[in-house]
Amino acid sequence: MGLALAGLLPVPEIQFRKYAEPAAEQLNDCGTMRWRTFNRFAAPMVVRMPGGYFKCGDPWHSQCNEVQFVHAIGWRVAMPSNAQDAVGLLRAALRGNEPVMFFEHRAMLDAAWARRAYPGDEFIVPFGRAARLTFGTDLTLVSWGAMVERCETAVRSSGASVELLDLRTLAPWDEAAVLESVRRTRRCLIVHEDTLTAGFGAEIAARLARDAFLDLDAPVERLAMPDIPSPHSPLLLEAALPSVAGIAASIRQLVEF
């Protein structure tokens, strides 16, 4: 915070997600600094933070809980699903003047699916702009982070015409793109790794219930981790995570509603 207040742009790394908890008060202060000083001071920084499931889990290294930082006033939150988006979002974060929580998913750091060609030194991905990975007419599937890979695989096996949106950032999030898609497909499934209760999917579902209620032909559904700590056992972890088969089954169930 001192470096940021002095005019520098620190890029600290907190390894891993759960280890951010001892710094929660200081991190929250960064987001409210402008407001508390009537815009006289700001504390911009880019906090790189790995987390999420990998070969095995536990409540410290594998936790996501990205919604905690979405709820932190003044913070921007990025959660890319691939290397190209990570480059563009990181560059946008470094050129901004706001504190940014940059979530680097552990499963994406060495996943073949997440690899992309380097997009160049000037490539930027603006915050708040979702990526449409597939175009469809039966259902809108919304996800972010490592679940995007599973969603893309599930779309291919579902047999349905699905529009897959990768949000890429959660604060801000591309509400306009989600609404536009849902108003066309009239159905929505939200998939995320964070626990179900009060996860960010609930916020999206609430906005759709308010702004797209008359357009919906089925309830907005969410598929997420149950409200449990991330299991250490690889078998238990996979059983708790949204699976490709489970996502595909949810797609078919919603389309047939």
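Predicted model: local features only at pLDDT ≥ 70, side-chain atom pairs only at ≥ 80, totals over all residues.
Begin by selecting Trp 144, Leu 167, Val 178 and Ile 204, which are the residues with the most contacts inside the largest nonpolar core, a set of 38 residues. To see where this core comes from, colour helices H2 (24-36), H3 (67-70), H6 (175-185) and H7 (200-211) together with strands S1 (46-51), S3 (100-105), S7 (169-171) and S8 (188-195), each of which supplies at least two of its residues. H7 gives the largest share, four residues. Apart from this core lies another, of 28 residues, among them Trp 113, Val 148, Met 225 and Leu 241.

Return next to Trp 144 and display its surroundings: leaving aside neighbours within four places in sequence, its contacts include Met 79, Leu 167, Leu 170, Ile 190, Phe 200 and Ile 204.

Now select S8, in which seven of the eight residues are buried. S8 pairs in the parallel sense with strand S5 (residues 139-143) over three bridges, and Ile 190 in S8 is the bridge partner of Val 142. S8 also pairs in the parallel sense with strand S9 (residues 221-225), over four bridges, where Leu 189 has Glu 221 of S9 as its bridge partner.

Finish at Gly 52, in the loop between S1 and H3. Gly 52 is buried, with a relative accessible area of 0%, and its contacts beyond four places in sequence include His 61, Cys 64, Phe 103, His 105 and Glu 193.

Notes
Residues numbered from 1 in each chain as written. Heavy atoms only, no water. Core = buried A, V, L, I, M, F, W, Y, C linked by side-chain atoms within 4.5 Å. Buried < 20%, exposed > 50% of the residue type's maximum accessible area, 1.4 Å probe, protein only. Contact = heavy atoms within 4.5 Å. Pairing = 2+ DSSP bridges.
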